[in-house]
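Dear colleague,

My notes on what was found follow directly below it.

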Amino acid sequence: MISASARPSLPLASRRGRFSLTKSASLAFSLLALLTLAGLVLIFLVQSLPVWRQEGIGYITGIKWFYRANLFGALPMIYGTLVVAFIALLLAAPIGISAALFTAEILPPRVRLVLKILVELLAGVPSVVYGLLGILYLRNWVYHLLTPFDPLSGDTLLTAGILLAVMILPTVMTLSDDALRGVPAAQRHAARGLGLTRAETALGLTLPQALPGIGAALLLGLGRAFGETIAVFLVVGRQDNQPLAWRSLIEAGQTLTSKLGGSETNIAYGDSLHWAAMVGLGLILLATTVVVTLLGSRLAQRRNIHAE
Amino acid sequence: MKFLTSCCALLALASFTQAETLKINGSTTVNLPAAEGAEILRAEKKMDIQVDTQGGSSGGISALGDGQVQIGMSSKPVSDDDRTKYPKVKFNPIHIGEDAVAMIVSKDVWDGGLQALTKQQTQDLYEGKVKNWKEVGGPDERVVFFNKEPGRGTWEVFAHWAYGDPKKAPQVSLPEVGGNEETRNKVGSTRGAISQLSSSWADGKKVFALGIKTESGDVLQPTPDNIATHKYPMSRPLFLITNGEPQGEAKVFVDFMLSPQGQELVKKHGYLALDQLKTETP
């Protein structure tokens with residue numbers, strides 16, 4: 001929508017030579033949105049400057065975070081964020097895509113619509129609700145499940161990953177379903193006409209064609225997983241400086257969002273270096289989410305072109 | 001993009017409505033009586049009150065400092081650091097009751113025979129020097145220390161007692177817990193768990209408040225008497241904080257909490273009301 005209105009380089013009163021309110025208003029609002037984003041990034045950059053100056057690249061690669069000793073290494077949190085998001089994706093992808101194949105290829109259209117609405121409702125459930133369910137049931141379940149491995153508690157990176165998987169499942173499923181439905185029906189009919197079974201058509205024809213769209217669904221799900229705060233906050237354990245090892249999967253850890261959601265932001269306020277370190281975490285988070293979302297939208301666009 | 005623009009619009013809207021709503025934020029400990037007080041005022045005086053517990057006591061102090069709320073709730077005194085951070089704000093703490101922080105443990109530790117700790121033992125547990133409850137006279141079970149987030153009133157009271165000054169407390173990497181509800185739930189459902197929590201939240205069914213063993217061998221329990229006389233070392237005042245003298249709706253709320261009806265609420269949630277205190281707190 002932005003590219004469409006911001007693209008024309010001709011003066012506003014172009015073509016028919018008269019002023020268009022719609023055009024100029026949408027241009028103004030698009031610019032406003034762009035400026036807001038640019039301003040946001042700029043503020044983050046400026047406010048986090050002191051920590052980049054003090055720690056340099058060590059801010060991203062450092063593994064120790066002790067604010068009172070002025071040690072700021074964000075790697076364990078970046079690691080936590082990545083691990084948690086990828087566990088979520090690993091669990092949500094097979095289930096979400098299979099479910100989408102079912103709704104898009106097998107269910108009659110009317111039932112599909114009802115199911116889709118229900119799933120999309122799930123995507124709108126506030127994350128704190130998921131978080132509380134996580135505290136009440138999931139962390140105890142994980143705690144008992146992992147007993148042979150002797151975890152210290154039910155707050156682990158794995159718990160957060162499973163909870164996130166549930167949360168991004170609706171996104172993954174409904175967008176994958178859209179991608180599958182985007183494959184022209186004529187091709188499906190042709191395949192059936194050639195004698196392919198329903199399963200062969202779905203797996204051999206529709207699925208490969210919808211792959212870019214499904215990729216987009218996964219990336220957008222991943223984007224949501226990166227940014228999710230409250231639900232993760234409640235079950236991840238919030239332990240600083242977790243070791244970057246396999247064992248850490250079943251131990252308490254910290255993600256970028258759980259750190260930012262905690263009480264440390266209040267302590268950091270007023271201490272320019274500590275504050276910069278906290279804002280820097282926000283910047284890293286913003287950067288990761290933007291990259292993943294952009295990639296996702298790119299894939300989604302490519303799918304649209306194919307579908308036309 | 002669309003989202004950002006609508007956010008701007010929402011923010012603009014929010015700033016219009018702010019003038020009418022009495023906003024309160026801070027400690028989950030003070031929240032219990034305060035939220036109930038707000039409920040009563042909402043019903044009786046049709047006041048528009050919003051009570052929140054973002055970031056605990058220090059969240060309440062900084063929200064007040066930033067002018068986002070008219071009243072901050074805190075279970076720790078306003079420190080000199082806070083006053084330097086917000087030089088323009090006249091922090092005015094209003095004492096509404098008294099509470100105690102206890103070390104709380106899960107049922108298996110309590111049943112395993114551990115019912116009191118010395119200061120030294122608590123420090124060793126906090127710093128990870130003691131990894132099994134056996135070493136301090138408890139059951140053969142690993143220690144899982146859920147640390148209250150630094151910045152929370154509860155944590156500050158604990159650090160004052162154990163290390164003299166929160167700034168002298170060693171920095172540790174422990175799993176952290178925030179609100180009282182979360183703390184109680186997590187300790188109650190984990191074997192070998194310990195944490196710091198407002199003693200009135202220890203229900204004696206799933207989580208248990210430990211006594212403190214003094215050097216002379218006495219065990220001090222967080223009983224109302226011991227809290228009122230400050231014999232129990234981790235007692236703490238509960239505050240509502242305003243910027244200068246409370247005015248308008250904020251004054252109505254503060255006056256209500258200090259009235260007999262409000263003080264009843266303080267008692268109802270297991271804290272000590274002002275008239276139960278034997279000596280004035282500094």
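In this predicted model, strand S5 of chain B pairs with strand S10 (residues 211-213) of chain B in the parallel sense, and 3 bridges hold the pairing. To find one of these bridges on your screen, look for Leu117(B), whose bridge partner in S10(B) is Ile212(B). The two strands belong to an open sheet of 3 strands in chain B, which runs in the order S5-S10-S11 and has mixed pairing. Because strand S5 (116-118) and strand S11 (219-220) of chain B each have a single partner strand, they stand at the edges, and one side of each is left without a neighbour in the sheet.

Strand S8 (residues 193-198) of chain B deserves a separate look: 6 of its 6 residues are buried, so S8(B) is largely enclosed by the rest of the structure. Strand S4 (residues 91-106) of chain B is joined to S8(B) by 5 bridges, and these two run antiparallel; within that pairing, Ala102(B) has Leu197(B) as its bridge partner. Strand S6 (residues 144-148) of chain B is joined to S8(B) by 3 bridges, this time in the parallel sense, and here Val144(B) stands opposite Ala193(B).

Turning to the helices, helix H2 (residues 28-45) of chain B has 18 residues and reaches 24 Å from its first C-alpha to its last, which is close to the 26 Å expected at 1.5 Å a residue. Where does H2(B) bend? The bend, of about 25°, is at Ala34(B), and Ala34(B) is also among the buried residues of this helix, which include Thr28(B), Leu32(B), Pro33(B), Gly37(B), Ala38(B) and Leu41(B). Just after the helix, Lys46(B) takes a positive phi of about 55°.

The last point concerns how the two chains meet, where 29 residues of chain A are in contact with 26 residues of chain B. On the side of chain A that touches chain B, the elements that give two or more residues are helix H2 (21-55), helix H6 (127-145) and helix H12 (264-268) of chain A, and the largest share, 5 residues, comes from H2(A). Sorted by class, that side of chain A has 13 nonpolar, 11 polar and 5 charged residues.

With best regards

Methods:
Residues numbered from 1 in each chain as written. Chains lettered and ligands numbered in written order. Predicted model: local features only at pLDDT ≥ 70, side-chain atom pairs only at ≥ 80, totals over all residues. Contact = placed C-beta atoms within 7 Å. Helix = DSSP H or I, 4+ residues; strand = E, 2+ residues; numbered from the N terminus. Nonpolar A, V, L, I, M, F, W, Y, C, P; charged D, E, K, R; others polar. Expected span 1.5 Å × (residues − 1). Bend = angle between axes of the 7 residues up to and from the residue. Buried ≥ 20, exposed ≤ 12 C-beta atoms within 10 Å, placed from the backbone. Pairing = 2+ DSSP bridges.
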